[in-house]
Amino acid sequence: MQNAVEKIITMPYVDFMAFLKETNRAPGGEKMLTEMIKNVFLHSDAKFLHIACNTGSSTREVAKLTGAKGIGIDINENMVTTATELTAKEEMSEQVSYKVMNAQSLDFSDAEFNLVFSAGGVAFVPDKKKAIAEMVRVCKDDGFVADVVMYYKKDAPQYIIDEMNNLMNLNIQKWGIDYRVDTYEEQGLKLFHKYEGEYAHVDHKKLLEYCRYMVNRPELSELSADEKKAAEYKLFRIMSLFTENHKYLGASLLIFRKKSVNEQWSLFSA
Ligand SMILES: C[S@@+](CC[C@H](N)C(=O)[O-])C[C@H]1O[C@@H](n2cnc3c(N)ncnc32)[C@H](O)[C@@H]1O
């Protein structure tokens, strides 16, 4: 039997983030979501779907800023439970709900939603093409499919990519922004709006302060001193790797339109 500290040390990345009760916001933060909301024209009668919603922080934010009704789906049952609890705490349960579901096979009818978005979650789905095809299927004609994508804008050393893949159990490659856009356009979508985000530079001191803050929050008060130390050390190692990786990375908001009509070529539009 593993003791509590060993459990923390061996916990996979997504479970560790859930253990820390990290709300997991969109890459590039609040600005990305605001930029998405400004450009997808949601109204209070609209319905949106959030793919791989984690603890639902982005689901709630979109609902708050637009008045639209939202559903978040995630394959991880713990995430859906936490998202549901946080939503009840904010008294938003009538507007926002969550379901355990695989993004590769969505249990919704065709053309149900005005907006189907991911705030970086599609990157975690094993078969991204299948997930994107499903996002397109459940999106209404002339509706929007959006994602916040990370991509390599500089040539990252292979060891960083390998360590990222190891840590998160992913298969990241040195994908650039064109590859990201193509993956969506291959499913019949048309790029509607692109917004380039920014990453803040984080030095060692700030990194340490962040890790200390994360493990010493009142929500984790039941942890022992040893568990906190193990969690702080593990988080520091993860965030140091992310800081290294961010040196080569860009984050872009991509909004696509599911066009019902094939528009004519407009010669002078920029
Ligand atoms: C790190 S989170 C990204 C969330 C994002 N930052 C946000 O604000 O929406 C990735 C999530 O993808 C979920 N996930 C992975 N594979 C999935 C799948 N096949 N279907 C649905 N969710 C999936 C994980 O459980 C995790 O909660």
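Student: Where is E112 found?
Tutor: Residues are numbered from 1 along each chain as its sequence is written. This is a predicted model, in which local features need pLDDT of at least 70 and side-chain atom pairs count only at pLDDT 80 or more, while totals for chains, interfaces and linings use all residues. Helices (H or I, at least four residues) and strands (E, at least two) are DSSP runs, numbered from the N terminus. With those names in hand, the place of E112 is the loop between β3 and β4.

Student: How many other C-beta atoms lie within 10 Å of E112?
Tutor: A residue is buried if 20 or more other C-beta atoms, placed from the backbone, lie within 10 Å of its own, exposed if 12 or fewer, and partly exposed in between. E112 counts as partly exposed because its number of such atoms is 17.

Student: Which residues does E112 touch, not counting those up to four places away in sequence?
Tutor: Two residues are in contact if their C-beta atoms, placed from the backbone, lie within 7 Å. M168 is 56 residues from E112 in sequence and 32 Å away in space, C-alpha to C-alpha. Once residues up to four places away are left out, E112 touches K47 and V138.

Student: In what order do the seven strands form the sheet?
Tutor: Two strands pair if DSSP finds at least two bridges between them. The edge strands are β3 (96-100) and β6 (190-196), each of which pairs on one side only. The sheet is open, its pairing is mixed, and its order is β3-β2-β1-β4-β5-β7-β6.

Student: What is the bridge partner of F113 in β5?
Tutor: Strand β4 (residues 113-118) pairs with strand β5 (residues 139-152) in the parallel sense, over five bridges. Between these strands the chain crosses through helix α6 (residues 128-138). In β5, F113 has as its bridge partner C139.

Student: In β7, what is the bridge partner of F144?
Tutor: Strand β5 is also joined to strand β7 (residues 249-257), and here the two run antiparallel, with nine bridges between them. The partner of F144 in β7 is R257.

Student: Which elements do the buried residues of α3 pack against?
Tutor: Helix α3 covers residues 30-38, and its buried residues are M32, L33, E35, M36 and I37. An α-helix has 3.6 residues a turn, so residues three or four places apart point the same way. The buried residues of α3 pack against α4, β4, β5, β6 and β7.

Student: What is the phi of A52?
Tutor: A52 is found in the loop between β1 and α4, and it is buried because 23 other C-beta atoms lie within 10 Å. Most residues other than glycine have a negative phi, and most peptide bonds are trans. A52 is a residue other than glycine, yet its phi is positive, near 50°.

Student: What is the phi of N54?
Tutor: N54 also has its place in the loop between β1 and α4. N54 counts as buried because it has 27 C-beta neighbours inside 10 Å. Although N54 is not a glycine, its phi is positive, at about 55°.

Terms used: Right-handed = clockwise from strand over helix to strand, strands pointing away.
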